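Dear colleague,

Please find below the structure that I am handing over to you. My notes on what was found in it follow directly after.

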Amino acid sequence: MNWKEFILGKLTWNDLPHEWFTLGGTGAFVVLAIGLAIFLTYFKRWKWLWNEWLTSTDPKKIGVMYIAVAFFMFLRGGLDALMIWSQQVLGASNMPGFLGAQHGYLSADHFQQIFTAHGDIMVFFVTMGFLFGLINLVVPLQIGARDLAFPFLNSLGFWLYFAGVLLINMFFVLGGQFGATGWLAVAPLSELQFHPGVGVDYWIWSLQVSGLGTLIGGINFVVTILKMRAPGMTLMRMPMFTWTSLMSMMLVITIFPILAMTIALLTMDRYFGTHFFTLNNGGNQMMYWNLIWMWGHPEVYVLIIPSFGIYSEIVSTFSKKKIFGYPSLVAAAAGITLLSFAVWLHHFFTMGAGADVNSFFGIMTMFIAIPTGLQIINWLFTLFRGRIQFVSPIYWFFGMVSTFTFGGMAGILMAVPPIDFQVHNSLFLVAHFHTTIVGGALFGIFAGFTYWFPKFTGFRLHETLGKYAFWTWLVGFFISFVPLYILGFMGATRRLDHYAASTGWQPLFLTALVGICILALAVGIQILQLIVSIVKRKELRDTTGGDPWDGHTLEWATTSPPPFYNYAVIPEVHGRDAWWEMKKQGTAHKPVKYHDLELPKNTPMGIYIAGFIFLFGVAMTFHATLFSLIGLFGAVTCAFIRAFDDHSEYILPAAEVEKIENRLRKK
Amino acid sequence: MTVKAATIPTKEQIEEVATDKTLFGFWVYLMTDLLMFAVLFATYSVLHGSIYNGPSSNEIFNLPFALTETMILLVSSFTSGLGTLAAHEKSRKFVLLWFGITFLLGLAFLGLELSEFSKLVAEGNSWHRSAFLSSFFTLVGTHGLHITTGLVWMLICMISVATKGVTKSMVRKLTLLSLFWHFLDIVWIFIFTIVYLMGAL
């Protein structure tokens, strides 16, 4: 090994971005970075950003940062979707290709890189990001805790997630090609034999790093929810969102080790020449499929179960009733959590495992419909004879009932192995998981965002624009995905960059493209809604002292926005819907005696560790030995320094608490 | 919020809650680590027969050698337990003694493992050769990597004990370290049984 290789590895000038679509991304990144730097310098906000946000251990701030990053990734993933679908419209064989492509405007290889990135970004960095953001914001407040069990690990988890975001976008900066393997990098396609470049390595390190962050976050939330609840809050008195977050995080700590090891085995194959999934020397490719879906299937429940909790909160709040069948909702969430481990094989019925195995997994898959359907029935019964307030969060709920049930039905259809053999890897499948993940998980996230927005800002989102956004979303959604169901039945497989014009698919692809343009408009309206709400924040101000929706659960007991310590005095809980009960019994808003609080200090160690791990990831991608050693050594050293720092907390005196409380309550 | 003023937690209570949380969190972490090993064990079982013209497990494993490794690790687990007891007694001398012995035993184990690996590689049976050998090296090597991490951790703890004495937070750290060490011992018992015993027979 020569010195240049030791320092720079595979990195060369020729690899740097030079194609039009990567240069576009590079340009966007550079403009964004420069713009941000100018903004911060002009308004002298660097120090503020560092002290108040980047080094914060406050879950509310970390939650906001998660949501902000996830939102930017949402725009990027959405742009990928637009590119995929416009290629599919232009990719009919009777149309000439342009921009150097044989069909449409993207070469087959570009197209594959784009759908790979689209899938990874939407799952790992958008939905997971939004989810961790909302859980960070809401769960500590709902259980009456001042902070998480391990505030520093929360900060570290976020920064690892952010390092993952940077790593997956790194090929815009350092070049090379992104993986063209599909979002799960299935072997043997992802092996060196077929992907000798750095594309799969970007994928490996991005997911390994962000997965580590997710795992740390999962452990943190499980311990927080199990150990830090307010006095009196037994498990069966926890709000539904806390319950579903617990279930989701339980899944995280069970499945992310599997993902970490699966990626590690692929790493061994690519870096050290082992033979786990290779075509030669006895490698077993189907083992990769089994392992990755043993993680992958529960993962979709990680995404959707918290949204079920959000719907429960919203339905109960806006129909002015307690949730119908609370124990059965808890049981349903737990049932889905357990069943999700026994269905992974339905992703490859066509593997040839035999009729017995396929039947088992088919039946287990259908079982999942029972608890899921039960939840929907519970929500409908909650609405029954309730005084329903038609505000925008509940619109998203109604939207979910239509889209998610639709998608779920398609799922049950595909759980039948003979039917799956027909539609396996077709656009029918693509339509199915988009209707469930977008229509179930993402709609829930939008609902939760609207619902809890006033809690953390002190003002509501603009209501009319919210409803416009909803309707545009719903209409655009069906126009985009119903054609995909039909195309799937007509035999269109997924991941096609071109097809014979004689198939007659083009009009349906065009309809889908119209749909996604409507969705882009809907996202535009959402951005507009946010801007208008910020501009008109005085008009939209929450004048109720922190409880704009007449809420049921503890988070509405604090001021809006809540003080950084959440509760000056930890509330005592005497039943479900604790805050609603307190209001009914007139025990809310009673004066209290303040005392000294012990709170975690801010720390930059999370950024340092994640920064070194980021360096490690980039260096490993390019096989740059020197920098990977620096990254690894730096991360380990920082971790030990942090572990042996016994002064991570400080005391906030009672007088100070009183001052803050009086100021917040007066507002 | 109730009318009566909440009871103010004392310094001891805060410390106790912190220990409780940390211990529980560490247990949860250990379970996730166990799942990582579960994946490697499953991989090993699947690939056990995929020898692809290479040696099979009963041709390369040396049972007395593996038994020696096992015994060393078991004894080190016992001494790390004694070290934790000494930590609770706040005895700097005995903490250093017992963890010192544990450290040396761990080092001996690691040396034996590396000598086994280098012998296999020298005979041409490296992880390149077959899927079976890939999974063997990865499973046992991952355990070895954990042992190495534990040794570094132990060394830093011992330096801290030697300079600052056995503080309260150090008792907590040594308890976690000891848990980690016992955990590695349990994983090794499974490696000994599934890889060496079942493989050599």
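Chain B of this predicted model contains six helices and zero strands. Along the sequence, its pattern reads α-α-α-α-α-α. The radius of gyration of chain B is 21 Å, whereas a compact globule of 201 residues would have one near 17 Å. Along the principal axes, the C-alpha atoms of chain B occupy a box of roughly 75 × 45 × 25 Å. Of the 201 residues in chain B, 33% are buried.

Turning to the contact between the chains, 42 residues of chain A meet 35 residues of chain B. On the side of chain A that touches chain B, at least two residues each come from α8 (199-227), α9 (240-272) and α10 (285-318) of chain A. The most is given by α9(A), with ten residues. Sorted by class, this side of chain A comprises 25 nonpolar, eleven polar and six charged residues.

As to nonpolar cores, the largest has 244 residues, and within this core Leu160(A) and Ala610(A) touch the most other members. Leaving aside residues up to four places away in sequence, Leu160(A) touches Val209(A), Ser210(A), Leu212(A), Gly213(A), Ile216(A), Ala610(A) and Ile613(A). Another core, of five residues, lies apart from the largest one and includes Tyr567(A), Ala568(A), Val569(A) and Ile570(A).

With kind regards

Conventions:
Residues are numbered from 1 along each chain as its sequence is written. Chains are lettered from A and ligands numbered from 1 in the order in which they are written. This is a predicted model: local features need pLDDT of at least 70, side-chain atom pairs count only at pLDDT 80 or more; totals for chains, interfaces and linings use all residues. Helices (H or I, at least four residues) and strands (E, at least two) are DSSP runs, numbered from the N terminus. The radius of gyration is taken over C-alpha atoms; the globule rule is 2.2 Å times the number of residues to the power 0.38. A residue is buried if 20 or more other C-beta atoms lie within 10 Å of its own, exposed if 12 or fewer, and partly exposed in between; C-beta atoms are placed from the backbone. A nonpolar core is a set of buried Ala, Val, Leu, Ile, Met, Phe, Trp, Tyr and Cys residues joined through C-beta atoms within 7 Å. Two residues are in contact if their C-beta atoms, placed from the backbone, lie within 7 Å. Ala, Val, Leu, Ile, Met, Phe, Trp, Tyr, Cys and Pro count as nonpolar, Asp, Glu, Lys and Arg as charged, and the others, Gly among them, as polar.
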